[in-house]
Amino acid sequence: MLKYKYKSSKDSGSKSWVLQRITGLALVVLMIGHYILMHYNPESGHTYGAVLNRMQHSWYRIIDLTFITLAMYHGLNGIWNIFRDYKLKQWAKLSIISALVILGLAFTAWGYSIIFSIPYINSVAGAN
Amino acid sequence: MEKDTKSPLEIPNEVPDFKIKTFDQKNWISENLHYKKDSGSWAWILHRITGIALIGYLFLHVYSLSPLTKGEIAFNQMMQSYTTPFFMVVEWLLFAFVLFHSLNGIRIVIVDWADGAKYHKQLYKLSWVLGIILFLAMGALMFSHEIKMLFN
Ligand code: HEM
Ligand code: HEM
């Protein structure tokens, strides 16, 4: 009788529904904080010096890495959610998911490598 | 109680003759444009548009940060183009997208997890009021230099 049992995959999507909300709430703090920080004065978001200064603190790097990871997951999961509103063939679903995953991994890795490439100016600074 | 004593057979005659309007798939664009929209429909549409814009921006953002790997001169040169008055306004307008998606996102979570369905329309209005205030505040922060120049 259970004709409407979800057939195409074992995953009904409820975990990603919860994660979308949790990552969203975390992003409120990260994104609004980021925006204020980047426009605190004309230099803070638009000069190498300001970025270099911030990046001397490892916790700041950790915040950026968390930020890009959560934003990529949330954003691409959101895009996938939009596609789920439409009736799609199995092959179309697979190609869209693959494209989103590859795009997400590639840009996240790129973002990580950007942060890691910024030097610590002197060896002591790396401690914190 | 007398009113309720009609025979069940009479009831169908009282049902008004109405047609159920179904979604016309072939004209999906005009169907989407013309259905009646309450605040929730607008919230949904705008949440979608701002979400797509933000992930699009994030890709662009990583690309435009990439000169950070090449050092000071390359990065400052890239960023120079974003400090023109035009891009300053664009960055301000982007904050409107950030604000709508954030505040409405919070509203969605409240509706889902904190019984917000009872007052989701008030929450929608509240998020507009908060959003406009925060948008103006960010404008004051971003353009504080220019504003000072105006009054000196
Ligand atoms: C400020 C913090 C944020 C909050 C509170 C938030 C909240 C949410 C929530 C709750 C949903 C699910 C909507 C639903 O299931 O009906 C959602 C969808 C979405 N979000 Fe966010 N989000 C935030 C930031 C972001 C960011 C930074 C991006 C892009 C990088 C983004 C892109 C999207 C997209 C594309 C969707 C799908 C839209 C749709 O299903 O119509 N969001 N957001
Ligand atoms: C227009 C306003 C913005 C400016 C001027 C700006 C500027 C910057 C700068 C200079 C960095 C370099 C690292 C740092 O100093 O932290 C950065 C990193 C970052 N920004 Fe923004 N940002 C803006 C808006 C946004 C928005 C709206 C988002 C979210 C969708 C975002 C997401 C990120 C992420 C995830 C990183 C880390 C990148 C990485 O790991 O490589 N930014 N931003």
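## A helix that fits its length

Let's start with helix α5 of chain B, which covers residues 85–113. At 1.5 Å a residue, its 29 residues should span 42 Å, and the C-alpha atoms at its ends are 42 Å apart, so the two values agree. Keep in mind that this is a predicted model. Just after α5(B) comes B:Asp115, with a positive phi of about 60°.

## The iron of ligand 1

Which protein atoms hold the iron atom of ligand 1? They are NE2 of A:His74 and NE2 of B:His101, lying 2.0 Å from the iron. Because A:His74 belongs to helix α3 of chain A and B:His101 to helix α5 of chain B, the pair joins two chains. Both A:His74 and B:His101 are buried.

For comparison, ideal octahedral angles are 90 or 180 degrees.

## The iron of ligand 2

The iron atom of ligand 2 is coordinated at 2.0 Å by A:His34 and B:His61, each through NE2. This pair crosses between chains too, from helix α1 (residues 14–38) of chain A to helix α3 (residues 39–65) of chain B. A:His34 is buried, as is B:His61.

## A buried charge

A:Asp64 is buried but has no salt bridge: A:Arg54, the nearest side chain of opposite charge, is 6.3 Å away. Beyond its neighbours within four places in sequence, A:Asp64 is in contact with A:Met55 and A:Ile115.

Definitions and conventions: Residues numbered from 1 in each chain as written. Chains lettered and ligands numbered in written order. Predicted model: local features only at pLDDT ≥ 70, side-chain atom pairs only at ≥ 80, totals over all residues. Heavy atoms only, no water. Buried < 20%, exposed > 50% of the residue type's maximum accessible area, 1.4 Å probe, protein only. Lys, Arg positive; Asp, Glu negative; His and termini not counted. Salt bridge = Lys/Arg side-chain N within 4 Å of Asp/Glu carboxyl O. Contact = heavy atoms within 4.5 Å. Helix = DSSP H or I, 4+ residues; strand = E, 2+ residues; numbered from the N terminus. Expected span 1.5 Å × (residues − 1). Donors = N, O, S within 2.8 Å, 3.2 Å for Na, K, Ca; no water.
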